[in-house]
Each structure stands twice: as C-alpha cells, then as structure tokens.
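Here are a few friendly notes to read alongside the model. Keep the 3D view open and look for each residue as you go.

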Amino acid sequence: MKKNEVNVTPWEVSGEIDYDKLIKKFGVSKIDDKLLNRIKKHTKDLHLMLRRNIFFAHRDLNWLLDEYEKGNKFFLYTGRSPSGPIHLGHLGTWIFTKWLQDKFDVELYFQFPDDEKFLFKKNLSYEEVQKYTYENMLDVIALGFDPKKTHFLINTKHANILYPEAIKVAKKITYSVVKAAFGFNDSKNIGEIFYTSMQAAPVMVPGTLKNNKKIPCLIPLAVDQDPHFRVARDVYPKLGYPKPAIIHSVFMPPLTGISGKMSSSNESKAILTTDSPKEVEMKIKKYAFSGGKDTLEEHRKKGGNPDIDISFQYLKFLFEPDDKKLQKIYDDYKSGKLLSSELKQILIEKINSFLKEHQKKRELAKKQIDNFLFK
Ligand code: TYM
C-alpha cells in the first residue's frame, strides 16, 4: 500500500477518508433527505446521528421499510469483537442501535465474536479475550437495551446455534472471494479465512429459530464492517434468506486528528468508558487536536476551524444533542469568540457527566448479564 493511501477494512482503517468516494468504492447508497423523511414517518423525530449525517449510507433500507410497512417487522443485528476496552466511538453505533430498537420496537441480536480478534491478533490470548468479552458486555448493557428483546450471542458459547449457520455460508464462499475482498495473502491462518461466515451467521439465526426465513434484518455498523456483509449478502438468497439491510456510520475520529478511526489500542487516541474524570480531562487537554490558532491574538482575529477540531467533532458526533447550541458553538469558534481551551472545557464536562452515569450503570450491569445471554 502506498503512503497516505486510504484503507478501510474490518482490521485496518488508515488515511484521510473521503466518504463520498467510499460510497462509490463500496457500492453503498447515500442516505438522502427523502429516505430521512421516510424514516421520520415512523420514528416521529430523527436521531442526531441521522440529522448530522453520521449515519450516512445504507444498503436496501427502502426495501426494509417496504417490508415494515407491509407488517413484516425486522430484527436488528450488530456486534463487538472483544479485544480491549470500549471507547466512545463504539458507543455511538450502539446508542443509535438502541434508538432504533425503541422506535421500531424490535428485537436485537448482539454478537460477541470471541474468536475473531483471538485469530487475527498475534499477541492476544484466548483468556484475555474472555476477560474483555465480560467487560464489553457490561458497556453494552449499560446503554439500556431492553433485556426482553436483546439477545447476546457469544461465538464460542453459542456455537451450537451459530456454527450450523456458519458452515452453510462458508460452503458458498471460495477462498479466492475472501482473498479479493480482504486482500488476504497465503500467510493467513485458516481461522481468519473462515471468520466471515461466523459474522454472517446471526443474520440467519432468528429465521431458523422461528422457522421463518423471511424475517428482514437491519445491521447498524461503522463502515469498516461492511466488507464482511458485502461478501455474505450474495450468499443469503442462495440459502433462502433475504439480503440484510445495512446502515453505515462514519468513524468517530481519534483524539489526535480527523483521519482514521478512534481505536483503543493507543491511549493518546481514545477515550475509554472506564476513564476517570481526570483521565478524560488530561487526554482532551493534551491530545485533542485543535482547529484553533497558535496565539490568542490570532485566534480572536481570524477564528478557529471547527471542521478539523476534534472537540467540536465529538460534540457533533454525540455529546451536544441540541442543534441550536451546536450551531452557536460552531459560529463562536469560527469567529474567534470561543477559544480552543473553552471548547475543550465544554467537551470535558459533557463527556464526564455522560461517563459518570455510564459507569454507574456499568456496575449495575454486572448482575444483569444472565438476562441478556441468548437462551
Ligand atoms: P469492533 O469490535 O471493532 O467494533 C464494534 C462496532 O463499533 C464500530 N466502531 C466504530 N464506530 C464509530 N467510530 C469508531 N471509531 C469505531 N470503531 C469501531 C464498528 O464498526 C462496529 O460496528 N467484527 C466486528 C464485531 C461484529 C459486528 C457484527 C459489527 C460482529 N458482528 C455485526 C457490526 C455488525 C468488530 O470487530 O467490531
């Protein structure tokens, strides 16, 4: 790969992503106003991640709504591959998933593939993955999903349900398709080659359990996960299932700048759900890339650039739900009225008050895991 080249796969995201180009490259559709209005007919209001184009693309969402309007309710499917702590970027996807669950009153299948990162990361042990599976489940539960309608599937624990579906998918995907989709070379272990079929399997689980293959599925994800489903979507109809619809979000950027994605592998790049107020403050003050000017005088005169300012971007992504307030922050920063240090302070307070509640709910979640495990 050339330097500065954009790369978006389930295991690597690098470069400055042009999402319009990605839409073409991945063959997905942009979410336009017409589709937003159609969603709004059912949900009454629009989640901020829809209003602000953070969920920006889709596959077959119109079809999903056609089915819904005919009375054929869908289920949601998403997941988390345990390999480390949860960061704010992950949470955005799931907060939006919960909104969909509440608005459409639908079931959610949530996969924890505790095989994936074990297979893909050289130095990650099976035992560590088990520890993170537990920790990561607490974060998901803390977001308030309805336990009656939410089913956790852990790949090694629910292999009896998932494996029969995975082998049906695997039989219809050749090694050359996987190689082309993910750029694999011959040094890949055989678990990695098989993995996509495990991620594909939950799409088929409700159909098999309810003996009705026609139940539609909607998968919220950030766009890095799309390649798995691009491969699998060709297979489902061959097995009698409809292709799942997908709704894609952009990445919450790392603290250090707007290119790439937030990832928990480097403390200077991510805010974790377990961070203390002091850690949040330190990370934002020290690492959050600023679109402000170098000196106070210059900033007051020329103003800052909110479009590349990480603190503004995080407010937009999740932490300032009020559009009017967000616009005022945008304008004040651009005019130089609001300083970079003041903008950072707004974000620090928002994140810390969110995390205070989240961490309380995360503690309570320890008693709830059993209610969420698929039975
Ligand atoms: P994982 O564990 O890497 O990430 C979990 C979910 O979070 C999204 N995500 C982000 N969203 C916004 N900004 C970011 N910086 C960011 N980083 C990660 C991911 O796209 C994902 O939706 N193989 C999957 C786990 C999985 C899954 C699924 C995901 C299993 N089945 C079905 C989506 C749908 C994984 O490694 O995700």
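Predicted model: local features only at pLDDT ≥ 70, side-chain atom pairs only at ≥ 80, totals over all residues.

1. You will find Ile308 in the loop between α14 (296–302) and α15 (310–319).

2. Now turn to the aromatic rings, where the count comes to 25 aromatic pairs. Take Phe96 and Trp99: the ring centres are 5.7 Å apart and the planes meet at 20 degrees, so this pair is stacked, as planes under 30 degrees apart count as stacked.

3. Where do Phe96 and Trp99 lie? Both belong to helix α5 (residues 88–104), and they are three residues apart, about one turn of the helix. Phe96 counts as buried because its relative accessibility is 0%. Trp99, at 12% relative accessibility, counts as buried too, because the cut-off for buried is under 20%.

4. Next, find Trp11, Phe120, Phe182, Phe184 and Tyr195, which form one aromatic cluster.

5. Finally, look for charges over rings. The charged end of Lys131 sits over the ring of Tyr132, at 4.5 Å from the ring centre. Arg230 lies over the face of Phe26, with 4.3 Å to the centre of that ring.

Note on methods
Residues numbered from 1 in each chain as written. Heavy atoms only, no water. Phe/Tyr/Trp six-rings, centres within 6.5 Å; stacked < 30°, edge-to-face > 60°. Helix = DSSP H or I, 4+ residues; strand = E, 2+ residues; numbered from the N terminus. Buried < 20%, exposed > 50% of the residue type's maximum accessible area, 1.4 Å probe, protein only. Lys NZ or Arg CZ within 6 Å of the ring centre and 35° of its normal.
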